[in-house]
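This note sets out points for a colleague who is reading the structure alongside the sequence. The points are numbered so that each can be checked in turn.

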Amino acid sequence: MATERTRLLIDAGLSFRETSRRLALIGEDAACLDAIVITHEHCDHVCGLVRLAKKLNIPVYISWLTAPAIDWLGGTPRLETFIAGTTLSIGDIEIDSFTIPHDAIDPVGFCVRLRESNSASPPTWVYVTDSIRFHLRGADLLLLESNHDLDMLKVGPYPWSVKQRVMSRVGHLSNDGACDFILRDFSSSAAALILGHLSEHNNHPEIARMGARQALEQRGLSTRLVIAEQKTPTEVLLFK
């Protein structure tokens, strides 16, 4: 996420090399990052964090409860810890943090303000709380989890204990859950909706896309719909 003055990385689940490569594909340089902002401690969100933060020598904004859960490998980088509910100011970007339901120590979502535009990035949730509704209202751009297709999950390769975790109230939002959010709570003023965190084994981009598109059409919305894939950078979305 970037303005003319400030460049932020939200979560760091890829290696330093892969993060640098993907940034280069969209015309950005990892060396120009100003900070890393972390949602929670699960490996797919932080496994590249330690090397990135140390190599780039940039601060890490992280919940004060989440920070001790990270293995800093003997040398803690510059940490800016916060309590969920705090508004962070980084350069010319302001970020409202809020608690979300997930099976992590202190998971948070973010509502980011870039000048007059708002974007919301809740990392993962399985149901919509009043707090989530409040923070996502009026967002111009929303990154929404659409993790799994329930039928694919039930017959998929995961052990039953993992399937139960994914489907629990602190698991992941399904395609059906994402569609329900679009039908009930999605802001009609949003210019774009990104579906992210799709499971490689229990979902397919076209299944997620079809359901979300149908939900948007039921609302009479022509919102731009983007599917974030695991192995390629998502297209750059510009707001003026």
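1. A cavity, as the word is used here, is a set of grid points where a 1.4 Å probe fits but cannot get out. The model is predicted, and this should be kept in mind throughout. The structure holds one cavity of 30 Å³ or more, and the volume of the largest cavity is about 40 Å³.

2. Which residues line the largest cavity? They are L136, R137, A139, L142, F181, D185, F186, S187 and A190. By class, this lining divides into six nonpolar residues, one polar and two charged. Two of the residues named here return below: R137 is also placed over the face of F134, and L142 also stands opposite L193 in β10.

3. The second largest pocket has a volume of about 180 Å³. Its lining is made up of L198, S199, E200, N203, H204, P205, A228, E229, Q230 and K231. Three of these lining residues are nonpolar, four are polar and three are charged.

4. Strand β9 covers residues 141-145. Is this strand largely enclosed or largely open? Four of its five residues are buried, so β9 is largely enclosed by the rest of the structure. Strand β9 runs parallel to strand β10 (residues 192-196), and five bridges join the two. Within this pairing, L142 is opposite L193 in β10. L142 is also among the residues that line the largest cavity.

5. Strand β7 (residues 108-114) is mostly covered, with six of its seven residues buried. Its partner, strand β6 (residues 93-99), pairs with β7 in the antiparallel sense over seven bridges. In β7, C111 is the residue that D96 stands opposite.

6. Strand β2 (residues 35-37) is parallel to β3 and is joined to it by two bridges, with I36 opposite V60. Strand β4 also pairs with β3 in the parallel sense, over four bridges, and here S63 stands opposite F82.

7. The phi of N57 is positive, near 55 degrees, and N57 lies in the loop between α3 (49-56) and β3 (60-63). L73 likewise has a positive phi, of about 55 degrees, and is placed in the loop between β3 and β4 (79-82). Are these residues buried or exposed? N57 has a relative accessible area of 53% and so is exposed, since the cut-off for this class is over 50%. L73 is exposed as well, because its relative accessible area is 60%.

8. Charged side chains are found over two aromatic rings. K55 lies over the face of F16, at 5.3 Å from the ring centre. R137 lies over the face of F134, at 3.9 Å from the ring centre. R137 is also one of the residues lining the largest cavity. As for pairs between aromatic rings, the count comes to one.

9. L237 is found in the segment after β11 (224-227). Its relative accessible area is 19%, and L237 is therefore classed as buried, the limit being under 20%. L237 and V162 are 75 residues apart in sequence, and their C-alpha atoms are 34 Å apart in space.

10. Q164 has its place in helix α6 (residues 160-167). With a relative accessible area of 42%, Q164 is partly exposed. Q164 and L153 are eleven residues apart in sequence and 9.8 Å apart in space, C-alpha to C-alpha.

How values were computed. Residues numbered from 1 in each chain as written. Predicted model: local features only at pLDDT ≥ 70, side-chain atom pairs only at ≥ 80, totals over all residues. Heavy atoms only, no water. Phe/Tyr/Trp six-rings, centres within 6.5 Å; stacked < 30°, edge-to-face > 60°. Lys NZ or Arg CZ within 6 Å of the ring centre and 35° of its normal. 1 Å grid on protein atoms, 1.4 Å probe; cavity = no way out; pocket = protein on both sides within 12 Å on 5 of 7 lines; lining within 4 Å. Points joined across faces, edges and corners; volume = space filled by probe spheres on them. Nonpolar A, V, L, I, M, F, W, Y, C, P; charged D, E, K, R; others polar. Buried < 20%, exposed > 50% of the residue type's maximum accessible area, 1.4 Å probe, protein only. Pairing = 2+ DSSP bridges.
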